[in-house]
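Please look over the sequence and the model before reading on.

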Amino acid sequence: MQRFFDIAKDVMDTRTGKIFSVLLIAFVSINVIIFVVFAGRTYPNAQINNNSIGFVSYSQIPKKLNKFDLQPKTIIFYGNSMNFSVSAAKLGIKIDNLTMVNEAHHRSWLPVANFFASHKLPARYQVDQKLMSKELDEISTNDRQAPTDAQIALQDNNFTILNSKKGYKLNSIQAAKLINSEVSRNHTKIKLPYSSTSPKVTEASLEPSLQQLRAQQGVSLTFNYNGNSTKVAAATIAGWYAEVNDKFQIQPVKVQDYINQFGATNGIHVKNLSDLVSQTTSAIQKASSGDFTLVAVPQTICSPNAINQFIIVSISQRHLWACNSYNLLYESAVVTGMQNLPADLTPTGTYKIASKQTNLFLNGSDSTGSWHQHVNYWMPFLTNQYGVYGFHDATWRSDSDFGNIDPNSSDASHGCVELPLTAAKWLYGWAAKGATVNINS
């Protein structure tokens, strides 16, 4: 060991050793001087966003930074279907002076090395989380799409499934984290994260219903009358459906219209129509074939009529018929007015029942005398210059009078249509105000 020190001493005593010693002392001195000069300030090559902050004391860095245009004007967000340009102020983005001052302190332990090392620092920012959350809520409202459920549709008279479609919405939690991260790295263009939303109703879940509808549409239905037959086309059956509460259902009224039309083509009204409609609807729902024979309603005085409450009175036949459309519901013999006296004849034409009353007296007078008669049921249908005309019971007559009194005799009524008590009661209970009255000669 002693030998080593002796050799070192000899070297130091040489010319080369002296030069090395001088350089070492100079190097150390320079670093000491640099350390002292820049102990509280930045080095000449220090920059923030390419703006020089060299020779600036650390305490003066915030003031120096205020002279630079470091605040970004806008942040560009790339959305799912649209882009958003949002001002930095709306996001609450501010210059983070404290972080930049701390980063400016970071330098090499060897003072002279800091003249050669890079001191290019990025601008640092902080984000107001409340303002950012408010802005994200607005973005989420404007750039979102609800999922579309699969649904069964009727297109070109065929049942099919309209495909579902996924929706999307902003993932606000991930977006907040991403914005904080990107802004801290001085990024002003940020692609926002979105998550997809799945539909509640899928194509697979509707497939059983679709197959059922197609089977119902393809059912074989035949209607027959008097040697004439028609087979219902699948497109026609499709037209009998309507969408109710997101489901396709047979509409009995459409089935009824079809059967009525077939009956009209054959010149008939269909008997027991409601039963036939029910049987047809049931066959379709069960996807079971059906062969139906129509029966005609017997021809009656009501047959040409289409009005639900239609009252017919024939003066010559001394009779009344009550019709519900082409169905005869009730009929009765009547007594009508004296045809040879203008004030007492029963007027012909079509009228409406104006009102309904019970338990009252009918009063009047004409060339034959005056009257004061109690009636149980009163249904007026016409008022003219001679008085008021209507239906009423006539308990002062015998049952044999109705249908047998000649309208030209003095025993006829004073113009009203008189009915037996039972018939008047039935008519009063059935006919509503506004029911149609047709009186013919």
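Which residue in E2 does Gln 47 stand opposite? The residue opposite Gln 47 is Ser 52.

## Basis of the report

This is a predicted model, in which local features need pLDDT of at least 70 and side-chain atom pairs count only at pLDDT 80 or more, while totals for chains, interfaces and linings use all residues. Residues are numbered from 1 along each chain as its sequence is written, and side-chain values use heavy atoms, with hydrogens and water left out.

## An open sheet

An open sheet is formed by three strands in the order E2-E1-E6, with mixed pairing. Strand E2 (51–52) and strand E6 (119–121) each have a single partner strand and stand at the edges, so one side of each lacks a neighbour in the sheet. Strands are DSSP runs (E, at least two residues), numbered from the N terminus; two of them pair if DSSP finds at least two bridges between them.

Strand E1 (residues 46–48) and E2 run antiparallel and are joined by two bridges.

## The disulfide

The count comes to one disulfide, a term for a pair of cysteine sulfur atoms within 2.5 Å. The disulfide joins Cys 302 to Cys 323, with an S to S distance of 1.9 Å. Cys 302 lies in the loop between strand E17 (290–293) and strand E18 (310–314), and Cys 323 in strand E19 (residues 319–324), so the pair ties together parts that are 21 residues apart in sequence. The link of Cys 302 and Cys 323 is left-handed, with -75° about the S-S bond.

Cys 302 is buried, at a relative accessible area of 0%, and Cys 323 is buried, at 0%. Buried here means under 20% relative accessible area (1.4 Å probe, protein chains only).

Note on methods:
Helix = DSSP H or I, 4+ residues; strand = E, 2+ residues; numbered from the N terminus. Buried < 20%, exposed > 50% of the residue type's maximum accessible area, 1.4 Å probe, protein only.
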